[in-house]
Amino acid sequence: MKRRIIRQGAAFTCTLPIEWVRKNNLEAGHEIDVEHVDGRIILSTEKQKKPEKMQLDARKIGAVVERFIPALYRAGYDEIEVNYEGSEMLKRVQDVLERELIGYEIVAQGKNSCTIKDISGSDNRDFDVLLRRCFLLLLSNAQQLRDSVKTNDMKALDEIAHRDKSINKLSNLCERLLIKEGHWDIKRSALLFHMIKELENIADEYKYLAEHYLAGKKLDKEGTKLLQEVSNSVESVYNLFYNFNVEQAQRVAEQMEMLKSKLTTYKGNPLIGYNLMSIAG
């Protein structure tokens with residue numbers, strides 16, 4: 001859809017699509033937000049969206065409630081009324097909110113029900129900052145695992161699992177913002193959603209490696225070297241994402257293929273080999 005620019009004195013104007021004006025119930029004199037982002041002009045209204053609500057009967061789904069609530073969170077629901085029986089189910093609900101979800105809080109509680117609301121106020125303008133934070137936490141885990149294995153620092157290894165919880169929370173929030181409000185570059189939304197899932201999966205593999213090491217499944221010399229190469233590849237992908245270069249992308253792809261070839265011939269602990277391959281793959 002194209003619009004012709006009109007000069008009016010010292011100002012330049014263009015008309016708004018009538019469909020967009022009608023959909024947002026705009027009239028002459030109303031104000032809209034105008035943002036300049038990477039060469040694009042983004043228009044948005046200040047009109048508050050109607051909160052999306054859902055009722056969830058935990059008595060019918062039991063322990064699966066711990067999966068339903070995060071799914072509804074990612075889907076963009078602002079308020080969930082949960083019906084349940086017994087304090088044990090309430091504890092399950094409280095645990096999943098604390099463990100996985102940023103901004104979801106219990107704001108009302110009855111004898112056999114509670115109401116969860118999003119009180120974060122996050123919107124898609126926060127997305128890029130949250131995504132980079134998620135990436136940086138992942139890189140911190142990669143570096144800490146690599147260094148802790150060399151020094152046999154068990155305390156530092158234990159911290160990796162704790163940081164993984166933060167990555168899960170940020171991943172869930174990023175997915176929620178993409179589904180609920182989208183990204184300013186709509187063509188990248190599907191790619192970004194896929195990438196967030198991959199970041200979360202990679203973070204889990206680092207957590208598993210730390211847990212294996214703590215349980216006595218230590219890396220041999222070859223495994224330690226491969227861990228270093230795998231971590232370097234993750235950092236290369238991060239740098240490529242935020243500073244894309246075609247030639248560098250080709251080099252990273254070639255390095256990843258070579259790394260996968262090394263991992264397929266790794267003769268050490270097969271479980272650790274699987275974790276490393278899952279990160280590189």
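Helices (H or I, at least four residues) and strands (E, at least two) are DSSP runs here, numbered from the N terminus. By that count, the chain has ten helices and eight strands. This is a predicted model, so to speak: local features need pLDDT of at least 70, side-chain atom pairs count only at pLDDT 80 or more, and totals for chains, interfaces and linings use all residues. Residues are numbered from 1 along each chain as its sequence is written, and side-chain values use heavy atoms, with hydrogens and water left out.

**Overall shape**
- The C-alpha atoms fill a box of roughly 70 × 60 × 25 Å along the principal axes.
- The radius of gyration (over C-alpha atoms) is 24 Å, while a compact globule of 281 residues would come out near 19 Å, going by 2.2 Å times the number of residues to the power 0.38.

**Where α3 meets α6**
- Helix α3 (residues 65–75) packs on helix α6 (residues 154–181) at about 45°.
- In contact (heavy atoms within 4.5 Å) are L72, Y73, R74 and A75 of α3 with N172, L173, E175, R176 and I179 of α6.

**The second largest pocket**
- Its volume is about 660 Å³, as the space filled by probe spheres set on grid points joined across faces, edges and corners.
- A pocket is an open set of points on a 1 Å grid where a 1.4 Å probe fits, with protein on both sides within 12 Å along at least five of seven lines; lining residues have an atom within 4 Å of a point.
- α7 gives the most to the lining, with eight residues.

Methods. Axes fitted to C-alpha atoms, helices over the stretch in contact; angles between N-to-C directions.
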